[in-house]
Protein chains: 2
Amino acid sequence: MRIRLHVAYDGGDFRGWAAQPGLRTVEGELSTALATVLRVPSVDLTCAGRTDAGVHARGQVVHVDLAALPEGTDQLVRRVNGVLATDLRVLRAAEAPPGFDARFSALWRRYVYRVVDDVASVDPLARGHVLVWPRPLDVAALDEASRALRGLHDFASFCRRREGATTIRTLLDLGWTRRPDGVVEAGVRADAFCHSMVRSLVGCLLAVGEGRRPVDWPAQVLVAGRRDPAVTVAPALGLTLEEVGYPADDELATRAETTRARRA
Amino acid sequence: MRIRLHVAYDGGDFRGWAAQPGLRTVEGELSTALATVLRVPSVDLTCAGRTDAGVHARGQVVHVDLAALPEGTDQLVRRVNGVLATDLRVLRAAEAPPGFDARFSALWRRYVYRVVDDVASVDPLARGHVLVWPRPLDVAALDEASRALRGLHDFASFCRRREGATTIRTLLDLGWTRRPDGVVEAGVRADAFCHSMVRSLVGCLLAVGEGRRPVDWPAQVLVAGRRDPAVTVAPALGLTLEEVGYPADDELATRAETTRARRA
């Protein structure tokens with residue numbers, strides 16, 4: 001049986017999602033906790049978004065295949081949370097519908113990048129996930145510059161190159177707003193992201209937002225088709241995986257097949 | 001000259017506001033940082049709300065009297081924040097209007113207590129200031145029970161007794177709401193609070209909210225006029241001083257005189 005888990009974490013004390021020997025990672029902590037509670041030697045986890053070191057999640061989705069679940073899913077959630085530290089929580093667990101794959105069934109991932117550009121709006125209670133930016137940001141310019149990046153493009157300029165991996169993605173949303181409390185938020189949604197893509201996009205746009213680069217610079221970087229050393233990757237601290245979108249249950253298997261075929 | 005400071009802090013790593021030898025306190029850190037930046041041996045601070053160990057603030061107000069301010073207040077804010085750790089921030093500084101006293105001119109203090117009663121709504125990014133409550137809370141019952149506590153009362157039942165200090169207070173607001181994200185908030189506003197009063201009120205009410213006590217129990221505790229050992233003081237973690245209210249500038253001095261006379 002396949003179990004779907006909704007997971008949230010403060011990424012500050014994790015070296016990212018992926019398990020690495022000797023390092024504290026989300027996958028490592030969660031798989032160890034599940035194995036402890038289920039009294040099995042180990043479990044394999046598949047997640048929707050392999051977040052980098054320091055990146056947070058409120059809406060991570062994970063699946064795990066189990067031979068059997070001795071108790072109900074509510075008991076599983078309670079017991080796993082009893083073993084985990086409080087910076088990592090399982091919010092919900094349920095038996096996954098047929099054909100569900102946390103990674104390959106996903107239609108899109110939505111991230112939010114948060115930054116505060118005014119000392120009077122700084123909230124020490126949010127200092128772990130809202131980046132303090134030392135210069136004022138022009139939200140209209142950020143939003144204007146983002147327009148040219150939306151849609152289907154080759155995002156090679158914003159991706160760490162990986163052998164044989166495509167860098168073509170559909171950027172479904174990329175927009176900036178200033179909340180009433182002064183925090184500036186970038187909402188970024190795409191079918192999938194290549195490595196460090198959100199933080200490279202945000203880093204490129206922040207240069208526009210603070211007036212250091214013209215509004216059309218990000219579009220120029222995009223069409224150049226290769227990484228520009230002038231683009232700074234924004235710090236992980238401000239980035240949170242908020243939500244993963246899936247199709248209706250009867251389309252999960254088809255979606256997973258389509259995605260797998262495209263990646264292969 | 002008197003400078004008014006707006007201050008915010010994550011109380012988690014502070015032993016409260018009041019300076020204590022050898023302990024990390026908000027007053028201790030802030031006065032040391034100001035003295036360093038101003039190159040004076042020490043400064044005396046007066047705050048609007050002497051928060052307990054672990055209690056947070058987004059809207060603490062402080063005044064400090066200086067012989068001179070070598071630079072402008074914006075520079076003071078920048079330089080003090082450069083010395084302070086990031087869990088304590090000075091948000092604004094300005095020369096105070098005549099008659100202003102951070103403590104005695106205040107008309108009211110507003111606190112918010114935050115608690116999450118549903119594992120699916122837990123946010124690890126907010127774990128430092130939103131208390132996780134293990135049982136479901138009835139917000140309508142919390143609000144109903146709060147009604148009898150509003151207004152002018154002797155809050156001796158909810159105060160740690162202090163020699164010669166009055167426990168009569170005006171509770172201007174006490175109400176509960178559930179936010180869209182599931183977090184339950186109690187908003188508490190009064191002319192002033194005696195020691196541990198907000199946390200005692202919240203602790204008493206949470207017993208009603210989880211169904212362990214009847215809705216009229218807090219009113220019974222109030223009229224009894226003495227501390228009830230059945231009332232649990234709620235943990236500091238969930239409490240934040242959000243705002244302090246002051247009268248118009250031309251009424252600051254009168255208000256300070258009235259308050260001082262009443263306390264004496």
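This is a predicted model: local features need pLDDT of at least 70, side-chain atom pairs count only at pLDDT 80 or more; totals for chains, interfaces and linings use all residues.
1. From helix 1 of chain A, the residues A:Ala33, A:Leu34, A:Thr36 and A:Val37 meet A:Leu76, A:Arg79, A:Val80 and A:Val83 of helix 2 of chain A. By class, this contact between helix 1 and helix 2 of chain A comprises six nonpolar residues, one polar and one charged.

2. Now for the geometry of the pair. Two packed helices are described by the angle between their axes and the distance between the axes. Here the axes of helix 1 (residues 26-38) and helix 2 of chain A come within 9 Å and cross at roughly 120°. Helix 1 of chain A is therefore oblique to helix 2 of chain A. As for handedness, helix 1 and helix 2 of chain A form a right-handed crossing.

3. On to the domains. Chain A is assigned domain 1 (2-95) and domain 2 (108-249). How far apart do the C-alpha centres of domain 1 and domain 2 of chain A lie? The separation is 27 Å. Across the boundary, 16 residues of domain 1 of chain A are in contact with 12 residues of domain 2 of chain A. On the domain 1 side of chain A, the residues that touch domain 2 are five nonpolar, eight polar and three charged.

4. In it, 22 residues of chain A are in contact with 22 residues of chain B. The elements of chain A that give two or more residues to this side are strand 1 (2-9), strand 3 (56-65), helix 2 (73-83) and strand 4 (88-95). Strand 4 of chain A gives the most, with four residues. Sorted by class, the side of chain A that touches chain B has 10 nonpolar residues, five polar and seven charged.

5. Finally, the symmetry. Chain A is superposed on chain B by a rotation of 180° with 0.0 Å of shift along its axis, at an RMSD of 0.0 Å. The two copies are therefore related as by a two-fold rotation axis. The same surface serves both copies, since 100% of the contact residues of chain A recur in chain B. Which residue of chain A comes closest to the rotation axis? That is A:Ala126, with its C-alpha at 3.8 Å.

Methods. Residues are numbered from 1 along each chain as its sequence is written. Chains are lettered from A and ligands numbered from 1 in the order in which they are written. Domain bounds come from an automatic or database domain assignment. Two residues are in contact if their C-beta atoms, placed from the backbone, lie within 7 Å. Ala, Val, Leu, Ile, Met, Phe, Trp, Tyr, Cys and Pro count as nonpolar, Asp, Glu, Lys and Arg as charged, and the others, Gly among them, as polar. Copies are superposed by least squares on the C-alpha atoms of residues with pLDDT of at least 70 in both. Axes are lines fitted to C-alpha atoms, for helices over the stretch in contact, and angles run from 0 to 180 degrees between N-to-C directions. Angles under 35 degrees count as roughly parallel, over 145 as roughly antiparallel, 65 to 115 as roughly perpendicular and the rest as oblique. A crossing is left-handed if the near helix is turned anticlockwise from the far one by less than a right angle, and right-handed if clockwise.
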